[in-house]
Amino acid sequence: MDVLNPMTYDAEEDQLRDRTKYSQMDKHLIPVEFQQQPVSTGTTIVAVEYDGGVIIGADTRTSSGTFVMNRFTDKLTQLTDRIFCLRSGSAADTQAIAQVVTYQLDFLSAEMNEPPLVRIAANCVRRMIYQYRDDFLAGMIVAGWDKKLGGQVYSCPLGGLLVRQPVTLGGSGSTYIWGYLDNNYRPNMTQQECYDFVLKGITLAITRDGSSGGCARIAIINKDGVERIDVLGNDLPKVFDL
Amino acid sequence: MGDDILSYNGGVALAMKGKECIAIACDKRYGVQNRTIATNFTKIFQYSDHCFVAFCGLATDVQTVSERLKFRTNLYELREQRKLKPNVLYNMLTNLLYERRFGPYFVFALVVGLDPKTGETFVYDSDNIGAISDNVNLVTVGTASEYIFGLGELFFKPNMNADELFEATSQALLNGVDRDSASGWGAVVYVIEKDKITVRELKGRQD
């Protein structure tokens with residue numbers, strides 16, 4: 001039976017194959033109360049370009065079902081000196097992708113004798129997600145600064161798309177702030193305006209989304225380096241108290 | 001969140017026994033799976049001068065069971081011409097829940113009460129089909145109950161006075177809900193003594 005050929009596809013056999021996969025056996029062997037929910041970075045991730053660099057931010061909650069496994073996760077993962085990726089989706093999948101891509105870029109920069117371009121980093125991430133699109137649950141944003149094109153933000157969502165955008169959101173909490181983005185984002189904002197935009201967006205999403213929470217971690221990447229800022233719970237901007 | 005019906009709306013409540021005083025507390029979140037809809041949904045209801053019940057679980061059943069219990073307690077007070085005692089309230093509640101043994105309500109309940117003359121304290125726990133648990137000092141129900149039990153056992157001491165009891169209850173609740181994404185957004189704590197009832201609203205993490 002070949003899954004891709006409709007003439008030879010057999011649904012029963014395909015379902016049997018799926019049910020007997022080692023990773024699916026837990027559902028049938030263990031009672032519901034003891035089954036672990038996969039660990040996911042529920043998440044809100046935001047990235048925006050400005051003249052001279054990018055500003056990226058994320059919340060800090062990792063959850064397994066309703067249990068909060070980590071209240072102060074770092075979802076801003078460094079790929080190279082000036083390139084970061086923001087991770088959303090399954091924690092294991094995104095960590096594995098980030099590790100592999102970090103190695104690939106390190107090797108590449110040794111070969112080329114110069115820091116890799118942001119687009120190349122984004123393409124490495126996109127290639128992994130596309131190749132394993134049936135197995136991975138990973139939505140990532142790759143953002144950074146390089147000499148050729150300055151600050152860039154690339155979105156690599158679930159199926160394996162790659163697209164450059166001036167501002168983008170990701171994760172389960174992003175659904176609550178697309179309206180905020182449409183209303184408040186303007187092109188050519190200053191660094192401070194972009195920072196406030198990112199911080200406010202994350203705060204609004206944390207308030208509404210159960211899978212996002214904790215504090216806000218923000219990074220400012222430009223030609224001079226990376227500045228990391230952690231905004232703790234009490235210092236988040238005030239939003240309407242429901 | 002999965003399709004677990006008891007964590008569909010989320011929420012948590014806790015009660016502790018002290019010396020001639022009791023504390024009952026709950027969080028204020030109302031949500032639908034991931035999404036938070038409101039942060040003023042308290043789960044504690046008063047049935048008599050010194051009797052309180054907290055319901056946690058599916059929000060529609062929290063509202064329905066609290067109202068159906070109110071109906072029965074109103075009739076009791078009219079017929080008997082006297083106020084309810086905590087153990088009577090508890091038995092009425094467990095009876096109400098067991099009536100639906102094979103198609104149950106999805107709420108777990110806590111009942112607390114105080115006898116104002118003798119200062120005797122009552123703290124009871126019930127599952128969603130009316131199992132009786134009547135000799136406990138500390139009870140918790142809801143999606144974060146496991147985390148709060150750990151903290152509650154740590155902070156609990158026998159014969160605490162009202163202030164110590166308030167501190168222990170609040171800290172156990174506020175820190176327990178930090179590990180649960182389905183509860184939180186502040187808390188309400190009732191401390192019930194012989195001569196007064198103090199209600200305090202706490203502001204916790206708003207996430």
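I looked up the polar contacts across the interface of chain B and chain A and found 12 residue pairs, both residues at pLDDT 80 or more. A polar contact is a pair of N or O atoms within 3.5 Å; within protein, one must be able to donate a hydrogen and the other to accept it, and residues adjacent in sequence count only if both atoms are side-chain atoms.

This is a predicted model, where local features need pLDDT of at least 70, side-chain atom pairs count only at pLDDT 80 or more, and totals for chains, interfaces and linings use all residues. Residues are numbered from 1 along each chain as its sequence is written, and side-chain values use heavy atoms, leaving out hydrogens and water.

Next I checked salt bridges (a side-chain nitrogen of Lys or Arg within 4 Å of a carboxyl oxygen of Asp or Glu). I count two between chain B and chain A. A:Arg71 pairs with B:Asp178 in a salt bridge, with the closest N and O atoms 3.4 Å apart.

Then I looked at contacts (heavy atoms within 4.5 Å). Here 18 residues of chain B meet 23 residues of chain A.

Which residue does UniProt list for "active site"? The unreviewed entry gives A:Thr43; such annotations may be inferred rather than shown by experiment. I found A:Thr43 in the loop between β1 (39-41) and β2 (45-50) of chain A. Strands are DSSP runs (E, at least two residues), numbered from the N terminus.

Is A:Thr43 buried or exposed? A:Thr43 is buried, at a relative accessible area of 0%. Buried means under 20%, exposed over 50%, partly exposed in between (1.4 Å probe, protein chains only). A:Thr43 touches residues including A:Asp59, A:Lys75 and A:Arg87, not counting those up to four places away in sequence.

Methods. Chains lettered and ligands numbered in written order. Helix = DSSP H or I, 4+ residues; strand = E, 2+ residues; numbered from the N terminus.
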